[in-house]
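Subject: Structure handover, salt bridges

Hi,

Here is the structure for you to look over. My notes on its salt bridges follow below.

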Amino acid sequence: MEDTYSPDSNPVERGQRSTVLGRKNYLFSQNDRGTEDHAILYTFMVSCDNLAINTYEWLKHTLQRIRPDMDEADVVALLPYNYKAKIPPINPPFFGRIP
């Protein structure tokens, strides 16, 4: 059996695009703290993409629930990989069946 490799590097280049765009955006941060905040936000966005989570829905869900006095365990529960576990399955529509 012969293994073949695709000479196309577009998937790899597309995967690196967000990093390059982020690096360009970091140039316009006012200070180091702003750069760290951008990096954290981009990390959350990429995590949502990797987990096939709608980033906007996750962010809306998280911002509605986060508060300054949360314990570490509560904050961890808001992370994208825990959010995916909480998404309820889509139920088929009710067609007159008795539940």
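The salt-bridge count comes to 4. Keep in mind that this is a predicted model.

Start with helix α2, residues 32-50. Arg33 and Asp37 both sit in this helix, 4 residues apart, or about one turn. Their side chains meet in a salt bridge, at 3.4 Å from N to O. Arg33 has 51% relative accessibility, so it counts as exposed, the cut-off being over 50%. Asp37 has a relative accessible area of 36% and is partly exposed.

Next is helix α3, residues 55-65. Lys60 and Glu57 both belong to this helix. They are 3 residues apart, again about one turn. A salt bridge links Lys60 with Glu57, and the closest N and O atoms are 3.8 Å apart. That pair counts because the limit is within 4 Å. Lys60 is partly exposed, at 36% relative accessible area. Glu57 is partly exposed too, at 33%.

Then there is Asp69 with Arg67. Their salt bridge has its closest N and O atoms 3.1 Å apart. Asp69 is exposed, with a relative accessible area of 57%. Arg67 is partly exposed, at 42% relative accessibility.

One more point, on shared partners. Which residues do such salt bridges join into one network? They are Arg33, Glu36 and Asp37. So when you view the Arg33 and Asp37 pair, which meets in a salt bridge as defined by the 4 Å rule, bring up Glu36 as well, since it belongs to that network.

Best wishes

Key: Residues are numbered from 1 along each chain as its sequence is written. This is a predicted model: local features need pLDDT of at least 70, side-chain atom pairs count only at pLDDT 80 or more; totals for chains, interfaces and linings use all residues. Side-chain values use heavy atoms; hydrogens and water are left out. Helices (H or I, at least four residues) and strands (E, at least two) are DSSP runs, numbered from the N terminus. Buried means under 20% relative accessible area, exposed over 50%, partly exposed in between (1.4 Å probe, protein chains only).
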